Each structure stands twice: as C-alpha cells, then as structure tokens.
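Look at the structure first, then read on.

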Amino acid sequence: MESGNTSSDFILLGLLGHSRAQQFLFGMVLTIAFTALVGNALMILLIQLDLRLHTPMYFLLSQLSLMDAMLVSTTVPKMAADYLTGNKSISPAGCGFQIFFLLTLGGGECFLLAAMSYDRYVAVCHPLRYPMLMSWPLCLRMTMGSWFLGAADGLMQAVVALSFPFCSRREIDHFFCEAPTLVRLACADTSVFENVMYFCCVLMLLVPFCLILTSYSLILAAVLHMRSTEARKKAFATCSSHVAVVGLFYGAAIFIYIKPKSYRSAHHDKVVSAFYSILTPMLNPLIYSLRNSEVKGALRKCVASVWP
C-alpha cells in the first residue's frame, strides 16, 4: 500500500444507499434533524423569554440545547449534501473540523450533564442553601469548564489523528469523520494514540458518569425520606427527565468509545452514531418539555402571546 499526504480528500461512504426504502429513511433522518433543530431552538428561546426560567437549572438546560443543535448541524448538512449530490469527498481540514466539533460538543455534554445532576442534588437535598451552593458564578464556571474540556479533547484528537500518513485507500465507512474510524486508515502504528484516546474517553465518560450516579443516589435517598407526597412527585418528575437524557446519551457514547475494538462493526457504529448525534438531540427537548410543568407553562404563555 502507498502512503499519501494529508492534501488528498477522504471519501465518506455514508449512512444510506439509494434504494426506495433507504430514500424513505433518508427523509426520516432529515425530519428528525429538522425537529431537533426546531425543538432545541425553541427551548433556548423559551428560557430566554420567560423570566421564571432565569435560574441556573434552566441556564444549564439552554446550554444542553445549544450543544444538541450544534451537534446536529455538524453532521446532517454534510451527510445530506453527500447523499443528494453524490459527491462524498471531504477535505482533511473539513474532517478535522468535524472531529473537533463532535468531540467538543460530545465531551462538553458529558461534563454539562454532571453539572446538571449536581444542580438537582443541591435543589432536592439542600433547597435552603441552593443560592449559595449553586450560585451564578459557580454555574458559569461549570459551563465554561464543560466547553473548555470538550474543546481541549477535540483539538488534541483532531490534530493527532490527521498527523498520521494515510494509505491510498481513503474511504471512511461512516457518514461523518470520527477519530476512531479515521485512524483505521493510517499506514503507521497508531496503537499508542489509540490507547491514549481510549484512556481519555474512559475519563471523559466515566468520571462525569460516576458523579451523576453519586448525585442521583443521594437524591433518591432524600426523596424516599420525604413525607410530602407532592414534594416527592415533583422531585421525581424533575429528576426522571434528566436521568432519561443521561441514559440515552451515555448508553450510545459508551458503545462507540469504550466498547473493545474486537466487538465493533462499521454498521453498528454508524447506527449508534446516528442515534446519539441525530435522534438524541431531538428527544432531549421533548423529554424536558413533557416532564416539566414550568417549561410547558412557558410554552403556553408564548403561544398565547402569538395567537391570543
């Protein structure tokens, strides 16, 4: 095999073919992506417009919606253009940008979900001390830290993944550039980078996940000791939506980044990647709006102001 330099484009093989059934699936993917963009944009707008939602909890939720909207925008437009035009090439720079933004948003979401679980822990277990334990400066620091840690991981993986010499066959069996898929095309020994990448992924997934588990274990213990049935229902309603989002995101991310290489297949990776990068961003605003009376109230108020 010949080695090439990084000036040659890569070829994304895509998610779907052109049979009638797969054309229908393509339409469904576009519909889901559009719904995700509209739902997350609406969530951000509601939080900005309704003064009752100007709290750390909803600020963190608006950041989650922003990350989800950007995640869909990073993958779907390129995938749709490739499918419709038949031009599936992507430049090394474009591939690097996709890796950077996907890991910035995915990694940032890991830490943001941990910050959201801490917020719920303080609200349920220490409600009287909430303004002190979950102050606005702390909320902003946790948000900025989530973005920074995700961006640092994304930049490192994008730069190193593109620094390898690649073989003449530059076909990526995926619908977007992802570091684990890209390094399979390298004509050099990538074992050290793959081990470091695996270690970083374990840290970025399992450390926040352990914090989330700890927070919700303490919340569950506190809720079970509540004497008020109404307070218990409200706590469960607020926290169950967050637990559902955590389960959707972490289940897919652990499958992609922590599953041993010997158990991986390109088809399964593409399906799970579509789940966490397209379907989960659509489900998140639906989960939070359906399970949250304050968000539903803000939505009714917004609709009433437009159509009195």
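On a 1 Å grid over the protein atoms alone, a cavity is a set of points where a 1.4 Å probe fits but cannot get out. Lining residues have an atom within 4 Å of a point. A volume is the space filled by probe spheres set on the points, which are joined across faces, edges and corners. This is a predicted model: local features need pLDDT of at least 70, side-chain atom pairs count only at pLDDT 80 or more, and totals for chains, interfaces and linings use all residues. Residues are numbered from 1 along each chain as its sequence is written, and side-chain values use heavy atoms, without hydrogens and water.

**Largest cavity**
- The largest cavity has a volume of about 170 Å³.
- It has 13 lining residues, and the closest to its centre are Leu103, Gly106, Gly107, Cys110 and Tyr257.
- Helix H3 (92–125) gives the most to this lining, with 5 residues. Helices here are DSSP runs of H or I, at least four residues, numbered from the N terminus.

**Second largest cavity**
- The second largest cavity holds about 100 Å³ of space.
- Its lining includes Leu12, Phe26, Asp82 and Phe175.
- Helix H2 (residues 56–85) gives the most to this lining, with 3 residues.

**Sheet**
- Strands (DSSP runs of E, at least two residues) pair if DSSP finds at least two bridges between them.
- 3 strands form an open sheet in the order E3-E2-E5, with mixed pairing.
- Strand E3 (89–90) and strand E5 (171–172) each have a single partner strand, so one side of each lacks a neighbour in the sheet.
- Leu12 stands opposite Ile172 in E5.

Key: On a 1 Å grid over the protein atoms alone, a cavity is a set of points where a 1.4 Å probe fits but cannot get out, and a pocket is an open set with protein on both sides within 12 Å along at least five of seven lines; lining residues have an atom within 4 Å of a point.
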